[in-house]
Amino acid sequence: RLKIAKGIFTSSSNKPKINRNILEDDVIIGLLLSDAHIARPYTQFQNSSFSISISSKYKTFPSYIESYLRELGISTNKKEYVRKTGVVHWNVKTVVDPQFTELRKIWYPYGKKIIPRNLKLTPKMISYWFMGDGSSGYYKRGNKKVVLVLMTQGFNLNDVLFLKYQLELLDVKMNINKVKRKSVGYILITKVSCEVEKFMKMVEPYVLPDFIYKVKHPYVNSKSGVVPLWNSDINRSKCEIIDCTKTAEKGKAKCRYHNYHALAVA
């Protein structure tokens with residue numbers, strides 16, 4: 001006999017088919033790396049739902065997420081609410097779905113969100129993580145260097161180390177900093193201009209209009225020659241010394257340091 005309990009088939013022959021594209025979708029996984037949440041089913045016969053809270057200052061992002069989920073065949077509900085702090089937010093929530101039940105088993109094996117060890121970061125995935133839980137800012141007046149931060153305070157140190165390793169596979173190196181607020185947590189951060197530039201170039205094609213302000217490219221006065229921006233500065237070129245990240249003046253093959261220190265090793 002075929003039995004149905006709260007919208008889920010219990011017969012093995014009629015078990016709902018899971019769309020693997022949903023389970024490995026770059027946008028959904030990227031949002032899970034930030035502030036998205038998969039709800040715990042009330043009973044073993046129910047399924048989970050996916051939701052994310054978005055500040056109302058982002059005008060088009062909530063509607064984009066809603067439309068994206070609907071294109072995947074998932075019904076959603078968008079609701080405006082006011083937090084205790086007085087800040088207005090949008091909450092985009094899906095209906096319960098067996099696909100999210102499967103995702104919850106992977107991301108919340110013990111009831112708390114973790115980073116699955118079979119996760120393979122992609123540029124698109126990272127861009128949604130950056131839009132949802134990343135920040136950037138100029139500092140050091142005159143040189144306009146950029147500090148890049150990815151918030152990972154909801155994950156333990158081993159999870160953050162794994163994310164750091166995954167970023168390195170994509171040739172982006174970041175450091176782990178410990179932060180103390182209500183509790184101890186960890187963030188990924190870098191101020192190294194060449195790493196920031198690689199990251200920004202990687203995510204920029206996927207960044208939505210609401211978040212384009214987060215894309216900041218380092219700029220350095222050409223006299224300093226400390227940032228590899230020879231692609232955008234016609235008066236600079238890359239130092240010919242292998243592994244040197246400094247730039248050379250126009251008409252010179254080596255940077256200022258290696259010109260005056262002929263025997264120096266990069």
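Which residues of helix 3 (residues 61-71) are buried? They are Phe61, Pro62, Ile65, Glu66, Tyr68 and Leu69. This briefing describes a predicted model. The chain has eight helices and 12 strands, and buried residues make up 42% of its 266 residues. Of the contacts between residues at least 6 apart in sequence, 54% join residues at least 24 apart.

**Helix 3**

- The buried residues of helix 3 are Phe61, Pro62, Ile65, Glu66, Tyr68 and Leu69. They lie on the same side of the helix, because they cover an arc of only 165° around its axis.

**Helix 2 against helix 5**

- Two packed helices are described by the angle between their axes and the distance between the axes.
- For helix 2 (residues 26-33) and helix 5 (residues 123-133), the axes come within 7 Å and cross at roughly 40°.
- Helix 2 and helix 5 are therefore oblique to each other, and the crossing of helix 2 past helix 5 is right-handed.
- On the helix 2 side, the contact is made by Asp26, Val27, Ile29, Gly30, Leu31 and Leu33. On the helix 5 side, Lys124, Met125, Tyr128 and Trp129 take part.
- Seven residues of this contact between helix 2 and helix 5 are nonpolar, one is polar and two are charged.

**Helix 5 against helix 7**

- Helix 5 also packs with helix 7 (residues 193-203), at an angle of about 105° and with the axes 8 Å apart.
- Helix 5 and helix 7 are therefore roughly perpendicular to each other.
- Helix 5 contributes Pro123, Ile126, Ser127 and Phe130 to the contact, and these meet Phe199, Met200, Met202 and Val203 in helix 7.
- The contact of helix 5 with helix 7 holds seven nonpolar residues, one polar residue and no charged ones.

**How helix 7 is enclosed**

- Eight of the 11 residues of helix 7 are buried, so the helix is largely enclosed by the rest of the structure.
- The buried residues are Ser193, Glu195, Val196, Glu197, Phe199, Met200, Met202 and Val203.
- The cover over these buried residues of helix 7 includes helix 5, strand 7 (134-139), strand 8 (145-151) and strand 10 (184-190).

**Val146 in strand 8**

- Val146 is in strand 8, and it counts as buried because its relative accessible area is 0%.
- Val146 and Val196 are 50 residues apart in sequence, yet their C-alpha atoms are 7.1 Å apart in space.
- Leaving out residues up to four places away in sequence, Val146 touches Ser136, Gly137, Tyr138, Tyr139, Thr190, Lys191, Val196, Lys216, His217 and Pro218.

**Val160 in helix 6**

- Val160 is in helix 6 (residues 157-169). Its relative accessibility is 0%, so Val160 counts as buried.
- Apart from neighbours within four places in sequence, Val160 is in contact with Thr152, Phe155, Ile176, Tyr186 and Leu188.
- One of these, Tyr186, is 26 residues from Val160 in sequence and 7.3 Å from it in space, C-alpha to C-alpha.

- Asp171 is found in the loop between helix 6 and strand 9 (175-180).
- Most residues other than glycine have a negative phi. Asp171 is not a glycine, but it has a positive phi of about 70°.
- With a relative accessibility of 44%, Asp171 counts as partly exposed.

- Is Ser55 buried or exposed? Ser55 is buried, because its relative accessible area is 16% and the cut-off for buried is under 20%.
- Not counting residues up to four places away in sequence, Ser55 touches Val88 and His89.

Key. Residues are numbered from 1 along each chain as its sequence is written. This is a predicted model: local features need pLDDT of at least 70, side-chain atom pairs count only at pLDDT 80 or more; totals for chains, interfaces and linings use all residues. Side-chain values use heavy atoms; hydrogens and water are left out. Axes are lines fitted to C-alpha atoms, for helices over the stretch in contact, and angles run from 0 to 180 degrees between N-to-C directions. Helices (H or I, at least four residues) and strands (E, at least two) are DSSP runs, numbered from the N terminus. Angles under 35 degrees count as roughly parallel, over 145 as roughly antiparallel, 65 to 115 as roughly perpendicular and the rest as oblique. A crossing is left-handed if the near helix is turned anticlockwise from the far one by less than a right angle, and right-handed if clockwise. Contact means heavy atoms within 4.5 Å. Ala, Val, Leu, Ile, Met, Phe, Trp, Tyr, Cys and Pro count as nonpolar, Asp, Glu, Lys and Arg as charged, and the others, Gly among them, as polar. Buried means under 20% relative accessible area, exposed over 50%, partly exposed in between (1.4 Å probe, protein chains only). The arc is that of the directions from the helix axis to the C-beta atoms.
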